[in-house]
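Trainee: I would like to learn how to read pockets, cavities and helix packing. Could we work through a case together?
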Amino acid sequence: MIDRAPNYLLYLNVLVIATCGLIYELLAGTLASYLLGDSVTQFSLVIGVYLSALGVGSWLSRYVENRVARTFIEIEIALALLGGLSAPLLFVAFAQITWFRISLFGSVFAIGTLVGLELPLLMRILREHLDFRELVARVLTFDYIGALLASVLFPVLLVPRLGLVRTSLLFGILNAVVGVWGTYLLRPLLSSRGLGALRGRGFLVIGLLVVAFIKADTLTDWTEEAILENPIVYSTQSDFQRIVVTQRQGHFQLHLNGHLQFNSTDEYRYHESLVHPALTMVDDAEHVLVLGGGDGLAVREILRYEKVKAVTLVDLDPAMTRLATDYPPLVELNGHALADPRVTVVNRDAFVWAGEGETKFDVAVIDFPDPGSYSVGKLYTTRFFQLLRRRLTDSAIVSIQCTSPLVAPKSYWCILNTMQEAGFDVRPYHAAVPSFGVWGFALAGVQPLLADSDGGFLIHHPLPEGLRFLDSKTMVAMFQMPADLVPTETTVNRLNDQVLVRYYEQEWGAM
């Protein structure tokens with residue numbers, strides 16, 4: 001048994017250990033980005049803390065002089081418990097305590113320290129059975145293979161299919177299995193005293209994590225309800241984002257990655273403000289482009305115009321557009337907009353899509369999420385707006401949501417300044433949306449926008465009937481920016497630096 005154990009440990013234990021260790025690191029970075037925003041900052045901090053903890057763990061291994069095999073198994077069981085429960089506990093911590101960052105980086109450091117202890121101890125167990133050169137080569141080879149498996153499986157399979165909580169629990173179970181398995185493979189190296197209790201603790205941890213895995217949906221819903229402050233009526237993890245619908249007093253709210261996208265009680269204010277200024281400016285708005293807006297609510301407003309012959313909706317996430325066609329409350333709210341024969345849905349990255357094809361559009365309505373991450377921030381860069389400009393007719397008008405000019409003035413004016421730099425003539429405007437406060441938009445023309453004698457907005461065509469918020473006077477007033485919403489000097493948002501994401505994090509992070 002002792003002669004065969006090193007081979008099994010080398011080919012399986014090292015692989016599992018390395019995979020689990022990197023999975024815990026990826027979970028912490030993803031969860032921090034999901035809850036705190038600014039993915040680059042969060043991942044950089046998590047990686048730095050984790051790698052430094054690996055060094056601490058490796059250094060501490062020198063103090064383990066006796067009972068190396070037993071210590072290795074104890075560490076596996078402890079890591080299984082801490083790593084396996086890391087995601088659910090951090091979700092709970094975010095919902096319940098104010099010092100979440102301490103909990104986050106404390107858990108990352110603790111997990112990294114335990115992972116850093118594992119390999120040195122395992123190599124010491126194996127050194128009597130393999131040549132040192134062969135030992136180092138094989139252990140490091142399978143360590144790196146495990147890291148590759150984790151980095152591929154995590155975004156492609158684990159998070160889209162299991163979600164963060166179940167992924168955490170699954171790999172905790174694997175760690176615990178390695179620990180229990182080690183009590184049999186390393187039996188000749190273990191004292192009989194306390195062996196049953198050691199195995200019992202391992203099986204107890206496995207049982208606890210299995211129960212948590214089975215109840216993961218309940219746990220996730222509970223923590224998300226605490227964070228979002230409303231009961232959850234629908235949730236799913238797509239390949240791109242966490243989609244959650246909550247409900248309160250007969251109204252429902254859509255959240256993407258924990259951020260409110262709309263509230264059914266007042267979304268009409270937002271979507272009427274986003275769509276109608278552009279549509280009333282264009283004489284022949286036959287072909288309309290919608291970027292983002294997979295909920296179909298902007299499309300609903302566009303379809304009020306009989307002159308519109310075709311609407312192309314480009315949204316990255318098919319799960320979002322399926323929700324807009326299959327989830328009854330949202331289908332009712334958007335008026336079956338995506339089922340209209342004039343509407344074509346394209347599930348692509350808007351940045352890539354904008355650089356393809358030759359079709360030109362008379363109006364573009366941009367309803368992207370706020371630029372809280374670099375993956376979204378690229379959609380507000382000069383490069384993207386230049387690509388978009390080539391897909392528009394010479395008389396085209398663009399309307400775009402631009403976050404709050406009151407809460408985030410640098411973010412707001414950065415978007416407008418970036419569009420101006422890309423060659424658009426840009427006009428700011430705003431509306432009051434109770435769920436969001438004062439919200440900012442912009443109107444942009446390929447050609448200079450016309451104005452009335454007072455420099456205000458000039459309405460070309462009457463508004464359609466049935467609007468709940470906008471009328472001609474309200475729309476004119478939206479373009480009168482008050483004294484506390486004056487232009488702010490900013491750096492232009494370019495693809496290579498994305499200063500907008502940093503502005504956004506600084507302004508909204510201070511709230």
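Trainee: Which helices each supply at least two residues of the lining of the second largest pocket?

Mentor: Some ground rules come before the case. This is a predicted model: local features need pLDDT of at least 70, side-chain atom pairs count only at pLDDT 80 or more, and totals for chains, interfaces and linings use all residues. Residues are numbered from 1 along each chain as its sequence is written, and side-chain values use heavy atoms, with hydrogens and water left out.

Mentor: On a 1 Å grid over the protein atoms alone, a pocket is an open set of points with protein on both sides within 12 Å along at least five of seven lines; a cavity is a set where a 1.4 Å probe fits but cannot get out; lining residues have an atom within 4 Å of a point. Helices are DSSP runs (H or I, at least four residues) and strands too (E, at least two), numbered from the N terminus. Here the helices are α1 (5-36), α2 (39-60), α5 (100-126) and α6 (132-185). With five residues, α1 gives the most.

Trainee: What volume does the second largest pocket have?

Mentor: A volume is the space filled by probe spheres set on the points, which are joined across faces, edges and corners. The second largest pocket has about 300 Å³. Its lining has 16 residues, and Tyr50, Leu54, Val115, Leu119 and Asp143 are the closest to its centre.

Trainee: How do the residues of that lining divide?

Mentor: Ala, Val, Leu, Ile, Met, Phe, Trp, Tyr, Cys and Pro count as nonpolar; Asp, Glu, Lys and Arg as charged; the others, Gly among them, as polar. The second largest pocket has 11 nonpolar, three polar and two charged lining residues.

Trainee: How much space lies in the largest cavity?

Mentor: About 80 Å³. One cavity reaches 30 Å³ or more. The lining includes Tyr24, Glu25, Tyr50 and Ser86. Again α1 gives the most, with five residues.

Trainee: Is cysteine 414 buried or exposed?

Mentor: Buried means under 20% relative accessible area, exposed over 50%, partly exposed in between (1.4 Å probe, protein chains only). Cysteine 414 has 0% relative accessibility, so it counts as buried. Other buried residues of α16 include Trp413 and Ile415.
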